[in-house]
Each structure stands twice: as structure tokens, then as C-alpha cells.
Amino acid sequence: MNANLSMERIRNLPGMEEFKSFCTRLQIAARNKALHHLGPIPLPNLVFAAAPGSGVTMHIRLLTGLLKELQLLDFVGEEECFEWALSNENEDFDKFLRRVRQAGGFYGYFHGVIGLDISRMLKNKSRIPSMDRIREYMEARQGRILFILIVPDTLSEPLLQQLMARFASITPAELIHMPFPYDEVQHYVAQQLRRRGFTVTEEADALLSDSLSHFVRSPQFEGHQTLINLTEEILWRKISRHDMQDVIIDKKDLDFLFDPDGYFSRYDAGNTRHSKVGFHSAVEV
């Protein structure tokens, strides 16, 4: 059993302390399972109360990788995880069942992780809907599919408690808050550059920190994926220079960000879509 790779990526996430704590407990459970020669353990289903741009897809993929490496879930199917959005329990749920069959492919059935975005089902509601079909499906597949219900972090505390009570009555369930870590991402790009083997000067670090502190709160910012894209562009421009003589990122390597037609201006002009609770964020962190 070797979960070092997934846990290293998880520990390097900015913020997300509740998610990290849950993953640490998974490690402990796996260790105890092996130590005492236990059978399958009852994994809880999860509720992600996620802020926009918090990287839901990234977290689901990291969790899936950890569960696979720890051998806590018996994965079966052509896919290991996928995400789906439900607006209601009728036509949407039938489409969801077809998606599950698709994920199973030629294996005939699916065991893995499913992220279910139920935000639209809860919009403008004073009470949690019954969601009988979802609950019955989750109960029937307990131990074979780990479900992650995705709701906005703006959902009121009473509704969150109703949701937890609704699902905890049929399976183990845990709530994980996922606020966007604004304060910690100021140094995220510099940290990623260092992890890729580059040295970032103090001046460049300060410049990145100052610019990102404003950029991450702008309407154009889309969360972790934006920061990953920015890191990649800095690296590409550095590595593709014919006169590259070192692995130091200094101020001149960042000048393109602030040019009239530079990264920030192009992003501001061309970016009109908004992320949906972090969906489509990359897994590499």
C-alpha cells in the first residue's frame, strides 16, 4: 500500500483543512484495516459545501486516487469517478442512471466515486426536497459507490443540517466545508514554480503575491484552474526562451503578465464564463 503520491498532492493544496483531515483519517482507517486484518470498512458518503472555484473536480479525483491506493474501495468499470448534475428527480435521474451504466462499460456495473451536484435542486428552497430516488439508490449501493453530494457554500446552516440528517439516516455521511482559500493562494503560483525545480526571487514572489491578491477576487477568476494555467504559462515562456541560462524566475520573467496585451488583460477580455463550484479543475496540484 503506497498512498504517498496522492497524500503529497492533497497536503500541497492551499487551505481545505477539512478535506485534508478526512483524507488523513482514511489513511488511519486503511492502516488499522491492514493491522487487524479486517474486511471492508464502511466508508461514509460526503457532502461538499463548496465555494465557486474551489476545485471540486480536482478534489474528487484526488480522493479517488487515494481510495484506490489505500485499497479502501473496490473499483470496477471503465471509469473510476465521474460527476453529474441533478435539477430534479425525474428525467434527470433517469439520465444519471444511464451515465452510471456508461461508466461501468463492458464490465456491466460500476463501483467507484460519483460527484452529484444537487445545487439546482436546492435553489430557493426553504426545506430539503425528499430526494427519495437518490436516497434509495445510495442506500442500495453503499460500499460499492462513494457518493459526494455537491452544494454551494452559501447554503444556510439549517438546510445543511437537514441535508445531513436526510442522508445520515440511510448511510454514514460527513460534511466537508470547502471555502476558497483566498489568503493562501497569493503564494500558490510561486510555490508551484518551486516545486517544478525553479527558484523564485523575493521580488518576483512579492509581485505575484500582490497581483494575485487582487486577481483572485475579480469576476474573471475561476479558481485553481486559473492558477495552474498561469503557472504553466510562466514556465513555458521561461523554458522556450533561446537565451535561458538558469532556472531562476525573476521580475523580467513576469513582465508579460502586465503588458497591455499580456496575460491579465487577455484573460480579462476573453473570459466570459464562470466556473461551477470548481468543476473541470485539473488534478495536478
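Predicted model: local features only at pLDDT ≥ 70, side-chain atom pairs only at ≥ 80, totals over all residues.

User: Is N45 buried or exposed?

Analyst: N45 lies in strand β1, residues 45-50, where strands (E, at least two residues) and helices (H or I, at least four) are DSSP runs numbered from the N terminus. Buried means under 20% relative accessible area, exposed over 50%, and partly exposed in between, with a 1.4 Å probe and protein chains only. Because its relative accessibility is 3%, N45 counts as buried.

User: Which backbone nitrogen does the side chain of N45 reach?

Analyst: Leaving aside residues up to four places away in sequence, N45 touches several residues, among them M138, F147 and E174, a contact meaning heavy atoms within 4.5 Å. At 2.8 Å, the side chain of N45 reaches the backbone nitrogen of F147.

User: Which side chain does S6 join in a polar contact?

Analyst: S6 is placed in helix α1, residues 4-11, and is buried, with a relative accessible area of 6%. A polar contact is a pair of N or O atoms within 3.5 Å; within protein, one must be able to donate a hydrogen and the other to accept it, and residues adjacent in sequence count only if both atoms are side-chain atoms. At 3.2 Å, the side chain of S6 has such a contact with that of E69.

User: How far apart are the end C-alpha atoms of helix α7?

Analyst: The expected span of a helix is 1.5 Å times one less than its number of residues. Helix α7 (residues 157-168) has 12 residues and should therefore span 16 Å, which agrees with its end C-alpha atoms, 16 Å apart.

User: Why are the buried residues of α4 on the same side?

Analyst: The buried residues of α4 are D92, F93, F96, R99, V100, A103 and G104. They lie on the same side of α4 because they cover an arc (that of the directions from the helix axis to the C-beta atoms) of only 140° around the axis.

User: Which exposed residues does the opposite face of α4 carry?

Analyst: The cover over the buried residues of α4 includes β2 (81-85), β3 (112-117), α6 and β4. Turned away from that buried side is a face with the exposed residues E91, R101 and Q102.

Technical notes: Residues numbered from 1 in each chain as written. Heavy atoms only, no water.
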